Each structure stands twice: as C-alpha cells, then as structure tokens.
Amino acid sequence: MLPPRPLQAAVAMVAFTALLYVIEVVDAVGFHGQLDQYGVQPRSVPGLLGVVFSPLLHANYAHLASNTLPVLLFGFLAMAGGLAQWIAVTLTIWVVSGLGVWLTADAGSVTVGASGLAFGWLAFLLVRGLFNRSFKQIAVAAVLFFYWGSLLWGLLPGNPAISWQGHLFGALAGVLAAWLAARAGASTRTPTGTPRLPGRTTA
C-alpha cells in the first residue's frame, strides 16, 4: 500500500518536483520561455526530442503548480512496489504517453507538462489491485478514485489549450505498466503448495 521506504520515496519525489521548479525558473529567467519549444511536436523527427523533455517543461508557474500535488502524491504512492519497479513504471508512462502525443496531437502544437506522468501514476494505482488481486490495493484505489476521480474527465477532449492526448496516453500507459508489473511479480513467485524439485518445472 505504501512504499517500503517511505522517507526515501518522499525525498525522491520532493527532489523530482524541485527539479521541475528549477527548470521552470531557468526557462523563465534565462531563456524567457524558449525551452518550451523542446516539448512534443507531433509527427516531426525533431519533435521526438519532446518525448524525453516534455514532462520536465511547463508553460508557466501556474501550469507547474497545478501539477505539483498530483505528481508528489501519485508518484509517492506508486513506489509501493519499490524503487526499481517505480523506475520501470515511470519510464513506461514517460515513453508511451510522449509517443501517443507525438502520433495524435494537432499539427503545429507543442505539448509540455508532467500531467501525463500524473495521469499514468494515477491509472497505475487505480488498476494494480485488480491485476494483483490485492484487496488492500483495491481499497487504496477506491479512496483515490473518490478524491481524485474527477481528474479522469481530463482524458476527454475539452479545453484546446490542454493536451487530453497526454492525459489519455499517460493513463493507458499506467494500465499497461500495472499489467506488466503484475506479470513480472507473478513470474518470480513459486506456485503455493507445489514443491519445486531440482531439474523439474511445475505447471
């Protein structure tokens, strides 16, 4: 339910969020917002760089502030499976959401922001209990859905200034990551009640 090393998880998420603020300050003060051009630019080869840089960039301080609490909370809770799993989950969300935006966003647009990560972590937290068949994880998902379920409206087209594609593909990537994590966990467990003998496998 919670990270095995909560202090380490909290420090990691605070450090990541602080990095986002440092980048935004550098962009605003040193580059006058020009770093945002390195966001996702759909269906252009140079625009693929945005898959890497987009979650680190924000349109302004208000944009970053709106992402801060979801990034801190969902990122922290997503570390319940340990740091190694969190890195794998985060990379899956980071790449899939970015590529989804690159493939489907409006031509001429530039997408920046960490909301794809936030939606991915939220989706991961909402469905992991189903894949793991864990009542405790399902209970956590129910609480998150009660308090944060309204965010899922962001998966649908609405405000043209907000990338619903980033939200949608982030969420889909979170579901994919939860499924992959559950499969990886199942493959490392020996079936209960079935002894494993040298030189034999169990079915």
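Trainee: Which residues of α4 are buried?

Mentor: This is a predicted model, and a residue counts as buried when its relative accessible area is under 20%. In α4 that applies to Trp86, Val89, Thr90, Thr92, Ile93, Trp94, Ser97, Gly98, Gly100, Val101 and Trp102.

Trainee: Is Leu103 buried or exposed?

Mentor: Leu103 lies in helix α4. The cut-off for exposed is over 50% relative accessible area. Leu103 has 54% relative accessibility, so this residue counts as exposed.

Trainee: How far is the C-alpha atom of Leu103 from that of Leu48?

Mentor: Along the chain, Leu103 and Leu48 are 55 residues apart.

Trainee: What distance does α4 reach from its first C-alpha to its last?

Mentor: The helix has 22 residues, and at 1.5 Å a residue the expected value is 32 Å.

Trainee: How many helices and strands does the chain have?

Mentor: Read along the sequence, the pattern is α-α-α-α-α-α-α. The total is therefore seven helices and zero strands.

Trainee: What is the volume of the largest pocket, and which elements give two or more residues to its lining?

Mentor: The volume of the largest pocket is about 810 Å³. Its lining has 39 residues, and those closest to the centre are Ser115, Ile162, Ser163, Trp164 and His167. The elements that contribute two or more residues are α3 (61–77), α4 (83–104), α5 (115–132) and α7 (164–187).

Trainee: How many residues of that lining are nonpolar, polar and charged?

Mentor: Every lining residue is put into one of these classes by its residue type, and Gly goes with the polar ones. For the largest pocket the division is 20 nonpolar, 18 polar and one charged.

Trainee: Why does Ser115 count as buried?

Mentor: Ser115 lies in helix α5. The cut-off for buried is under 20% relative accessible area. Ser115 counts as buried because its relative accessible area is 14%.

Trainee: Which residue makes a polar contact with the side chain of Ser115 through its own side chain?

Mentor: Leaving out residues up to four places away in sequence, Ser115 touches Asn67 and His167. A polar contact needs a pair of N or O atoms within 3.5 Å. At 3.1 Å, the side-chain partner is His167.

Technical notes: Residues are numbered from 1 along each chain as its sequence is written. This is a predicted model: local features need pLDDT of at least 70, side-chain atom pairs count only at pLDDT 80 or more; totals for chains, interfaces and linings use all residues. Side-chain values use heavy atoms; hydrogens and water are left out. On a 1 Å grid over the protein atoms alone, a cavity is a set of points where a 1.4 Å probe fits but cannot get out, and a pocket is an open set with protein on both sides within 12 Å along at least five of seven lines; lining residues have an atom within 4 Å of a point. Grid points are joined across faces, edges and corners, and a volume is the space filled by probe spheres set on the points. Helices (H or I, at least four residues) and strands (E, at least two) are DSSP runs, numbered from the N terminus. The expected span of a helix is 1.5 Å times one less than its number of residues. Buried means under 20% relative accessible area, exposed over 50%, partly exposed in between (1.4 Å probe, protein chains only). A polar contact is a pair of N or O atoms within 3.5 Å; within protein, one must be able to donate a hydrogen and the other to accept it, and residues adjacent in sequence count only if both atoms are side-chain atoms. Contact means heavy atoms within 4.5 Å.
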